[in-house]
Amino acid sequence: MFIMSIAIASALFQGTAPTVQWGGANSGVNQTRIQLVTDAEMLKEVWQFTHGDSIAGLPQINFDRCRVVLACRGREMNVQRVTAMEIDQVQQETILTIDAEQSSRVDGNPPEETTAWGLFIIPMMPELVRVRVDVSQDRDGEPQWETIAILGHDANQRQRGGEQAGRQDSRFGEPGPRSSSHSEISQEFEDHLERMRRPFTKKLAQPPHYFISHGYDERWSRAIKLGIDVARDYLGNHGPVQVYIVGQEDDELSDPAHRDAIAETFCKVHNAGSDQPMEDCLSRDGQEMTQKAIDGETEAFMTMAMDADPPTAELVFINAHTMGGEEMMPTRSIHEYTHVYQKSFEFTPTWMMEGGAEFLACHLGEQHGWGDRDQTMEWYARQLDQVEDLEYTISDMEEIETAMPDVARWHRELAYDAGAWAVAFAISKSPSRSISQYYRSFYPMVDEMGWQAALCQYTRMDNIDSFYEGFESLSQQPLADRLAMLGTLKD
Ligand SMILES: [Zn+2]
């Protein structure tokens, strides 16, 4: 057994390879996978994952002082091991440089198929971890870095409602055809992004499907459904949608049979059409919602079963009873359902997705007695006004999945708080000033001409810079003037 000392964790900032790493040529993991491991339970899971379900040799690590990154190369020829070359701290991020190159073959030995893996100890801070590889062909020349994953996006998690947008889980999908070039890893990441950008829901008749975890108080599923139905009435019925409501107020999830049943329900949808073996989903992704519910976490987010036919939007609500009570809960589900609607159309930027979901949640929430729209907007404005070191604007928050960590740490402020105001600003610049018109007519325009041209036409601005400048100057106005702008909007 290894016991990680504090000294080892703190010795890792020197720009050298991590002192402790494990790895080998065969993990049995067929797909590229980069994962951050932050507690003993997760470590046990990934250890079993790479050791044919065995916990033999499981190291003991002090997770109060350090973290671990798992990197699996996937099925390849002659990759003997994934190795960490260097660990560094640059501008509020930890940079982990890894190598998963083919080793040169010893003459006479036949090529060998491998599923190489590596597990590396990294420091606690900086929180964001950029995992990169050198893709230059010339090993003696200048390195050419490519980021293959950004991990530890805790800064992106929404505090109220605990939402993770984008829900990038740093698995790059299918492994490429037999090749070990690192640019193929990032090509997979690019392909994955490309698929995420495309629309995947549509207008249809079929209502959402609901799964409610065992014994969870009906009050919460009722509140979630109320919000979703209000949004469906307003935006039209889009989907297909599978809703998972998983929660524990007492010990509702203590029965392992229930936890497995939840995993089965989830994986049947989420893993449909995917290359990932069902058992992997059942033992890992399928257990995640339940584990979070048991751990007392609060999360609401949209994810997607992208390989399912048809692709299915999945709305996940974990511990809904901790999301502001029955009076506010429906606004969380309005927010999530707005994403289902938005994803029926071509790409729109992160600030517009989150801002639009947030603003509609406030607006419809007020119409149905769940909060006061302008009070909530005022709260967002005050939050923004209070931040002192925010050097970015919504124009830097067009795609969270590819944002630099320095920008990504402002996800909440830029995408949600400022985003909601930016959407309200856009509506105020439209001829009708009508909120319902924005959702119903602007999005079809995005399909026709792309979001930038659509936004310019809709707001009667010359170009996107004028829009961004207009919004920045609104943000400088006294709060009372900004609130007066909200007062000019119609339903
Ligand atoms: Zn959202």
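This is a predicted model: local features need pLDDT of at least 70, side-chain atom pairs count only at pLDDT 80 or more; totals for chains, interfaces and linings use all residues.
## The E12-E14-E16-E15 sheet

Let's start with an open sheet of four strands, ordered E12-E14-E16-E15 and mixed in its pairing. Strand E12 (209-212) and strand E15 (299-305) sit at the edges with a single partner strand each, so one side of each has no neighbour in the sheet. From one strand to the next, the twist averages 15 degrees.

Inside this sheet, E14 and E16 pair in the parallel sense, over six bridges. If you want a residue to look for, Gln242 has Glu314 in E16 as its bridge partner.

## Helices on that sheet

Helix H4 (residues 218-235) lies across E12, E14 and E16, and its direction is at about 150 degrees to E14. Helix H8 (residues 325-342) also packs on the sheet, where it touches E14, E15 and E16. The direction of H8 makes about 20 degrees with that of E15.

Now for helix H7 (residues 285-294): which of its residues are buried? They are Gly286, Met289, Thr290 and Ala293. These four cover an arc of only 90 degrees around the axis, which puts them on the same side of H7. The spacing makes sense, because an α-helix has 3.6 residues a turn and residues three or four places apart point the same way. What do the buried residues of H7 pack against? Their partners are strand E14 (241-246), helix H5 (256-270), helix H6 (278-283) and strand E16 (312-318). After H7 comes Gly296, with a positive phi near 80 degrees.

## Where H8 meets H9

H8 also has a helix partner. Its axis and that of helix H9 (residues 350-367) come within 8 Å and cross at roughly 135 degrees, which makes H8 oblique to H9. The crossing of H8 past H9 is right-handed.

On the H8 side, the contact is made by residues including Pro330, Ile334, Thr338 and Gln342. H9 brings in, among them, Met353, Ala357, Leu360 and Leu364.

Strand E9 (residues 128-134) and E10 run antiparallel, joined by six bridges. Arg132 stands opposite Thr147 in E10.

Most residues other than glycine have a negative phi, and most peptide bonds are trans. Here are some exceptions. The Gly239 to Pro240 peptide bond is cis, with omega near 0 degrees, and Pro240 sits in the loop between strand E13 (238-239) and E14. Asp309 and Pro310 are also joined by a cis peptide bond, with omega about -5 degrees; Pro310 belongs to the loop between E15 and E16.

Asn319 is not a glycine, yet its phi is positive at about 55 degrees. You'll find Asn319 in the loop between E16 and H8. Is Asn319 buried or exposed? It counts as buried, because it has 24 C-beta neighbours inside 10 Å.

Arg433 has a positive phi too, near 55 degrees, and lies in the loop between helix H12 (411-429) and helix H13 (435-449). With 14 other C-beta atoms within 10 Å, Arg433 is partly exposed.

Key
Residues are numbered from 1 along each chain as its sequence is written. A residue is buried if 20 or more other C-beta atoms lie within 10 Å of its own, exposed if 12 or fewer, and partly exposed in between; C-beta atoms are placed from the backbone. Helices (H or I, at least four residues) and strands (E, at least two) are DSSP runs, numbered from the N terminus. The arc is that of the directions from the helix axis to the C-beta atoms. Two residues are in contact if their C-beta atoms, placed from the backbone, lie within 7 Å. Two strands pair if DSSP finds at least two bridges between them. Axes are lines fitted to C-alpha atoms, for helices over the stretch in contact, and angles run from 0 to 180 degrees between N-to-C directions. Angles under 35 degrees count as roughly parallel, over 145 as roughly antiparallel, 65 to 115 as roughly perpendicular and the rest as oblique. A crossing is left-handed if the near helix is turned anticlockwise from the far one by less than a right angle, and right-handed if clockwise.
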